[in-house]
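Good morning, colleagues. Please look at the structure on the screen while I go through a few of its details.

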Amino acid sequence: MVSLFSHFAKMVRMASKILMAISQGLLAILMFLSIADVIGRYLFNRPIFGTLEMSEVLLVSIVFFGSAYTLYLDKQITMELLYNRLSPSAKKTVNIITRLMAFSIFSLMVWKVTEKAFYFKETNRLIPSLLWPIYPFMLFVSFGLILISLELLIQIVYLFKDPKQVISEGGN
Amino acid sequence: MPPWVIVLIGFLVFFLLVFLRMPFGFAFVFTGFMGLVYLKGLNAALAALGTIPYSAVAIYVMVALPLFILMGQFAFNSGISRDLYDATYKLIGRAPGGIALATNLACTAFAACTGSSLASAATMGIIALPEMKKRGYDMELATGCVAAGGTLGILIPPSTMFIIYGYLTEQSIGRLFIAGILPGLLLSGLFCLWILFSCIRNPKLGPPGPSFPLQETLSSLKGIWGMLALFILVIGGLYVGIFTPSEAGGVGAFGAFALGVFRRRLSWDAFVASLKETTINTCFILILLVGVSLFNAFLVHAGFTKILQDWVLSLHWSRYFLLSLIIFLYIPMGMFMDTLAMLLLTVPIFFPIITSLGFDPIWFGVIIVILVEAALLTPPVGMNCFVISKITPDVPLSRIFRGIIPFFVMMLVTIVILTFFPEIALYLPRLMMKG
């Protein structure tokens with residue numbers, strides 16, 4: 001059972017890592033898109049059509065593709081002051097409770113964002129000026145949120161089973 | 001239950017969660033959602049959960065955030081901080097406290113490439129502290145000047161804090177950037193004056209460094225012209241209105257990348273590391289913004305900011321007294337909270353009060369960023385001091401905290417000067433408006 005779970009955790013974390021790499025690639029694309037638009041606009045009087053909207057959806061993709069891995073690296077902003085004074089068992093309990101709370105909210109978020117994505121698909125909601133459907137990008141958000149929720153779930157299970165595996169040591 | 005009680009309970013739950021080490025972003029989401037459930041019902045709260053993750057992030061002005069972080073990362077990984085330090089060291093190193101002065105000036109110049117205080121403090125600390133130690137500098141002065149100099153990174157544009165303040169208050173990020181220039185130079189000048197004054201009074205604190213031939217000094221400037229030109233292009237472009245902040249970010253990031261490649265300073269590994277660090281920072285900041293958007297929706301539905309604003313105005317107290325109260329609230333808060341979280345939590349609450357008291361929103365942005373800088377220095381969680389402590393493990397943290405006291409006082413002096421002479425912050429943005 002434990003072995004099955006650790007395989008599952010490895011798969012989820014591998015997916016997060018791959019998405020993080022995609023996120024980095026999208027960031028590079030965002031930079032090149034911005035400079036190409038500026039050069040096109042000011043040197044050739046030919047800006048790239050829809051840069052504003054493309055930049056927005058790129059930003060959305062960067063954030064939600066990279067967030068699960070950021071959570072795994074324990075890079076979120078936290079406050080250690082009081083927490084550090086707790087005993088190891090109290091820390092464990094607190095970690096389980098706070099992650100359960102976060103897991104429940106993020107699961108609800110997955111449900112509602114996915115629902116919204118399908119609603120946008122049905123109503124053919126488009127990104128202004130580009131006229132691209134908006135729902136695939138909502139599904140990117142949803143996918144990122146699923147990975148965040150799964151990462152939280154993995155951390156909860158590891159808190160019970162093997163606390164060393166909760167977050168990445170060394171940030172890789 | 002009256003709305004202010006609901007909000008009070010909301011804040012208590014929020015602080016309980018963050019004290020228990022729940023990430024700030026998640027605590028904002030949880031408290032905001034529960035508050036909305038209570039005030040508007042489950043369906044309305046769920047509807048907010050379905051829309052806010054996308055709508056809080058898909059905002060064009062926020063594209064400037066990763067691009068300016070990336071610019072700083074490229075500059076950092078290309079070793080520009082070393083070039084800046086070399087140039088300022090050769091230029092003024094021979095003065096009393098010369099290495100500390102050079103470090104402070106290098107921090108000021110590096111602030112023009114990065115929007116991060118920690119990056120400034122860490123890079124300059126690694127370069128300058130061993131040199132100051134070798135030359136027999138007083139380590140309180142040495143560590144204090146690096147920790148404080150590092151904070152200039154978020155006041156002198158580009159600045160991540162100004163981008164986030166602009167997002168929260170719907171103020172022009174370009175005007176905020178420009179507004180940070182003169183106060184940043186003023187603060188840097190005050191830091192230099194303090195270093196000079198202390199070292200002239202007691203030369204043992206900072207003995208002068210060696211002097212260099214004019215030829216060598218001039219040739220050291222070669223290493224910094226590119227970044228200087230890039231800063232002028234990016235901020236100048238914003239100033240004259242050629243670029244939007246996001247375009248300026250794109251130009252800055254690409255320019256720093258091109259300079260690094262052109263000078264063979266940016267390897268493939270450094271390029272990837274810059275992308276990775278920027279992505280991580282962007283993710284945690286924007287997830288935090290998703291949480292704050294939900295939390296603010298709760299505050300708005302509770303009518304909290306309006307209630308607080310009406311109550312404060314009904315007191316008929318002097319607006320300067322109220323401003324002082326707000327400023328003095330930030331100092332203890334900065335001792336315990338992460339600076340970004342502090343900004344996100346407080347600005348939506350205080351901003352309506354400040355503007356209704358007749359203070360300029362751009363000017364207040366500058367004041368807030370200086371307070372955030374101060375929070376990076378104050379114990380027990382002054383992050384810049386911890387960064388310096390990691391670089392110099394032989395200097396006790398208590399000495400580092402003692403060392404920042406005069407620089408912290410200079411920050412308060414700057415706030416007082418800016419309060420009496422707001423034009424220092426507003427002169428350049430006003431010229432921009434006329435243009």
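Predicted model: local features only at pLDDT ≥ 70, side-chain atom pairs only at ≥ 80, totals over all residues.

In which helix is the place of Ser117(B)? Ser117(B) belongs to helix α7 of chain B, which covers residues 117–134.

Is Ser117(B) buried or exposed? Its relative accessible area is 4%, and because the cut-off for buried is under 20%, Ser117(B) counts as buried. The side chain of Ser117(B) reaches the backbone oxygen of Gly150(B), at 3.4 Å. Setting aside neighbours within four places in sequence, Ser117(B) is in contact with Gly150(B), Thr151(B), Gly153(B) and Ile154(B), and also with Leu376(B) and Asn384(B).

Let me turn to the nonpolar core. The largest one has 230 residues, and Phe24(B) and Met132(B) are the residues with the most contacts inside it. Helix α14(B) gives the most to this core, namely 18 residues. As general background, nonpolar side chains tend to be buried together in soluble globular proteins.

What does Phe24(B) touch, leaving aside neighbours within four places in sequence? From chain A, its contacts are Ile77(A), Thr78(A) and Met79(A). Within chain B, Phe24(B) is in contact with Phe14(B), Val18(B), Leu288(B), Met337(B), Asp338(B) and Ala341(B).

That brings us to the interface between the chains. The contact takes 56 residues from chain B and 59 residues from chain A. Between them the two chains bury about 5400 Å², with 81% of that area on carbon and sulfur atoms. On the side of chain B, the residues that lose the most area to chain A are Arg21(B), Phe26(B) and Tyr54(B), which together account for 16% of what that side buries.

How many salt bridges does the rule find across this interface? There are two between chain B and chain A. In a salt bridge, the side chain of Arg21(B) meets that of Asp74(A), at 2.8 Å from N to O. As for polar contacts between chain B and chain A, the count is five residue pairs, with both residues at pLDDT 80 or more.

Several helices of chain B each supply at least two residues of the side that touches chain A, among them α1 (3–19), α2 (24–40) and α13 (245–262). The largest share of that side, 14 residues, comes from α14(B). By class, the side of chain B that touches chain A has 46 nonpolar, six polar and four charged residues.

Thank you for your attention.

Conventions:
Residues numbered from 1 in each chain as written. Chains lettered and ligands numbered in written order. Heavy atoms only, no water. Contact = heavy atoms within 4.5 Å. Buried area = accessible area lost by both parts, 1.4 Å probe. Salt bridge = Lys/Arg side-chain N within 4 Å of Asp/Glu carboxyl O. Polar contact = N/O pair within 3.5 Å; in protein donor to acceptor, adjacent residues only side chain to side chain. Helix = DSSP H or I, 4+ residues; strand = E, 2+ residues; numbered from the N terminus. Nonpolar A, V, L, I, M, F, W, Y, C, P; charged D, E, K, R; others polar. Core = buried A, V, L, I, M, F, W, Y, C linked by side-chain atoms within 4.5 Å. Buried < 20%, exposed > 50% of the residue type's maximum accessible area, 1.4 Å probe, protein only.
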